[in-house]
Amino acid sequence: MGIPNRMKGMPPILLKFLGFREKTHKPPPLSLICFWSFIGAFIGVSVLEVTFGFGRAFVDAGVPVIIGSFGASAILIYGTVDSPLAQPRNLIGGHLIASVLTVCITKLFNLGDNNPSALEKYRWVNGALSCCLTPVIM
């Protein structure tokens with residue numbers, strides 16, 4: 001992938017972050033990809049589970065031990081390394097957008113009723129709406 005003329009003066013690290021590379025690399029053997037995908041996903045998800053499962057602040061707040069998007073993200077970043085969706089900028093930006101959107105939707109659900117159990121009754125709509133709007137916004 002060539003670098004557009006308007007980006008020629010940018011620092012190399014910024015160009016790399018944006019996805020531009022000078023040379024293409026030869027892909028490693030499939031067995032090596034599978035091995036490192038397993039190791040990376042196992043360590044990454046384990047760290048998250050230990051953090052959320054045993055961290056005092058998380059336990060006291062009742063935070064779930066793991067959420068589904070972490071598993072999907074682990075598959076993307078460790079299993080499909082060359083995919084545009086697996087790049088750090090997309091992963092971090094996607095989680096940030098999804099988090100802000102979900103908090104906004106949850107706050108909107110809380111505006112209509114002062115009863116704390118009202119959110120529990122419609123939690124399934126909140127989750128479905130957040131999941132289907134996130135890729136549209138991204």
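Q: Which residues of helix 7 are called buried, and what makes a residue buried?
A: In this predicted model, Asn126, Ser130 and Thr134 of helix 7 are buried, a term that requires a relative accessible area under 20%.

Q: Why are the buried residues of helix 7 said to line one face?
A: When the helix is viewed down its axis, the buried residues of helix 7 fall within an arc of 60°, so they line one face of the helix.

Q: Which residues lie on the other side of helix 7?
A: Trp124, Cys131, Pro135 and Val136 are found there and are exposed, the label for a relative accessible area over 50%.

Q: Why are helix 5 and helix 7 called oblique to each other?
A: Helix 5, residues 88-111, packs against helix 7 at an angle of about 140°, with the axes 9 Å apart. Roughly antiparallel would need an angle over 145 degrees, and roughly perpendicular covers 65 to 115, so the pair is therefore classed as oblique. The crossing of helix 5 past helix 7 is right-handed.

Q: Which residues of helix 5 and helix 7 meet?
A: From helix 5, the residues include Ile97, Leu101, Ile105 and Phe109, while those of helix 7 include Asn126, Ser130 and Thr134, which are also the buried residues named above.

Technical notes. Residues are numbered from 1 along each chain as its sequence is written. This is a predicted model: local features need pLDDT of at least 70, side-chain atom pairs count only at pLDDT 80 or more; totals for chains, interfaces and linings use all residues. Side-chain values use heavy atoms; hydrogens and water are left out. Buried means under 20% relative accessible area, exposed over 50%, partly exposed in between (1.4 Å probe, protein chains only). Helices (H or I, at least four residues) and strands (E, at least two) are DSSP runs, numbered from the N terminus. The arc is that of the directions from the helix axis to the C-beta atoms. Axes are lines fitted to C-alpha atoms, for helices over the stretch in contact, and angles run from 0 to 180 degrees between N-to-C directions. Angles under 35 degrees count as roughly parallel, over 145 as roughly antiparallel, 65 to 115 as roughly perpendicular and the rest as oblique. A crossing is left-handed if the near helix is turned anticlockwise from the far one by less than a right angle, and right-handed if clockwise. Contact means heavy atoms within 4.5 Å.
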